[in-house]
Amino acid sequence: MSNRLALVAALLLIGVAQFTMASQDDTTAWSEWKAKHNKVYETPEEDARRFAVFQDNKKRIDEHNAKFDKGEVSYFMGLNPFSDLTSEEFRLRNGHRLVSLPADKQWEEWKATHNKQYESAAEEGRRYSVFLDNKKHVEEHNAKFNKGEVSYALGLNAFSDLTNEEFKQRNGHGVHKKEDAATKALQQQWEEWKAEHKKQYETPAEEARRFAVFQDNKKRIDEHNEKFSRSEVTYSMGLNAFSDLTAEEFKQRNGHGLRQKRAVMDVDAILRQQWTQWKAEHNKVYGTPEEETLRFAAFQDNKKYIDEHNEKFNKGEVSYTLGLNVFSDLTNEEFKQKHASGLRVRERRTVDAAVIQQWAEWKAKHNKVYESPEEEARRFTVFQDNKKRIDEHNEKFSKGEVTFSTGLNAFSDLTAEELKQRNGHGVQKKDDAAKALQQQWEEWKAEHKRQYETPEEEARRFVLFQDNKKRIDEHNEKFKRGEVSFSMGLNSFADLTSEEVKQRFGRGVLPRRDH
């Protein structure tokens, strides 16, 4: 017994000595890391051994990040949940030979994570048996996931000690309800949507029914937008004033010749708004109220004629569109007298001027530079075609005929075929992502005081920045999944190609060391 106590005391002294020799920074980092990742070791000896591994890993990370600060490597590293493992242990855990914790240890950790306590040993024994069954199901499923036979992985959660029947009784169906936070967020969106669209329902039962429809519509919108974020569709969707209607109700209200007419007051209000905007655009002022009334009547007639013509264009019956112009308050007879011609014409200069302005703003926003005037002219033509389709679609949205709006994005100078070739399928990437990337680019340039000699050079560097950032993001996704032991980030060389970094440092990414 005395020999055993002496051995334990010696091991404890070794652990104490290791902590004593450790820097205060390492000790603090160790304590914070254990707290963050809920790490508890069975014995002081195991804690000391893991701390030694942690120190070695942290030392390598610190040395690497010192090189990153000097620009000698293109990414930085950080601690993660595996920082107490050796390289061999990490390989065994995350490679082709995945090592699982013993079931009983997982059970103890799972109980601690979810604050599980049972009334009796017999009840805990029953729950442990259910836990093992669920764990087996999860592992069998994930084995299929690893072989690519299913598209998602499963994991243990707070309900892993419940049978399927108990879970059904608890949740009303055999699937998990959303987390409380998600439910609260949905309820908050519902309240905000009702306030925005001034929705009030006659009874609580009717509101409950409308909320259920709202949930279904939002789910479809979210699923669609997820496809948009993966570039599988060309537009995003959003909630609108009809988001509490079923598809059938929306059809009866708006589709297949069953569209209810808006109240005359609403139509008049919209027309009056267009009239006011048109007068402001063309600086129209009339001498008397009577004259303005006469001109407004002519404007109404002309707009009706334009709308009917453009409807034919939408059906492919005519080859051009019409639009309001500076003469839209004249009768046909007055226009004849003014121009000696009975033809209504599109105001090409006004339209072109507006589109040219949008084109210039769009190019500046997306850092677009073309190799020749001919290429720019070709891209401008594509831009006009895309903008025309967007405007026509959004006109339908404003009339409630479709449930989403569209807009220009970074690919608005590409044809559908070019976009398909660029993305692997005929879809556009999310415009919000393009804005976020542009914002990161601007912040990165400011941080590293980057200025380029020409717009063409900046455009080329921005493309390299995009490529480097994509690789970093893909790497960090692996880090989050525990597949690699470090994360990466942007540094002052994020606008360089690998070859340029090689040329700058002599070989590869790392500078030559003197031995």
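This is a predicted model: local features need pLDDT of at least 70, side-chain atom pairs count only at pLDDT 80 or more; totals for chains, interfaces and linings use all residues.
Helix 2 (residues 24-36) packs against helix 3 (residues 44-69) at an angle of about 110°, and their axes are 11 Å apart. Because angles of 65 to 115 degrees count as roughly perpendicular, helix 2 is roughly perpendicular to helix 3. The crossing of helix 2 with helix 3 is right-handed. On the helix 2 side the contact is made by Asp26, Thr27, Ala29, Trp30, Trp33 and Lys34, which meet Asp47, Arg50, Phe51, Phe54, Gln55 and Lys58 of helix 3. Five of the residues in this contact are nonpolar, two are polar and five are charged. Trp30, Trp33, Phe51 and Phe54 also belong to a cluster linked by ring pairs, together with Tyr41.

Across the whole structure there are 31 aromatic pairs. One of them, Phe211 with Phe214, is stacked, with 6.5 Å centre to centre and 20° between the planes. Both residues lie in helix 9 (residues 204-229), three residues apart, or about one turn of the helix. Phe211 and Phe214 are both buried.

Trp275 and Phe296 form a tilted pair, at 5.4 Å centre to centre and 55° between the planes. Trp275 lies in helix 11 and Phe296 in helix 12 (residues 289-314), so this pair ties together parts that are 21 residues apart in sequence. Trp275 is buried, with a relative accessible area of 2%, and Phe296 is buried at 6%.

Helix 11 (residues 264-281) also holds Lys279. With a relative accessible area of 16%, Lys279 is buried, because the cut-off for buried is under 20%. Beyond its neighbours within four places in sequence, Lys279 contacts Lys284, Tyr286 and Glu292.

Methods: Residues are numbered from 1 along each chain as its sequence is written. Side-chain values use heavy atoms; hydrogens and water are left out. Helices (H or I, at least four residues) and strands (E, at least two) are DSSP runs, numbered from the N terminus. Buried means under 20% relative accessible area, exposed over 50%, partly exposed in between (1.4 Å probe, protein chains only). Contact means heavy atoms within 4.5 Å. Axes are lines fitted to C-alpha atoms, for helices over the stretch in contact, and angles run from 0 to 180 degrees between N-to-C directions. Angles under 35 degrees count as roughly parallel, over 145 as roughly antiparallel, 65 to 115 as roughly perpendicular and the rest as oblique. A crossing is left-handed if the near helix is turned anticlockwise from the far one by less than a right angle, and right-handed if clockwise. Ala, Val, Leu, Ile, Met, Phe, Trp, Tyr, Cys and Pro count as nonpolar, Asp, Glu, Lys and Arg as charged, and the others, Gly among them, as polar. Rings of Phe, Tyr and Trp (its six-membered ring) pair if their centres lie within 6.5 Å; planes under 30 degrees apart count as stacked, over 60 as edge-to-face and the rest as tilted.
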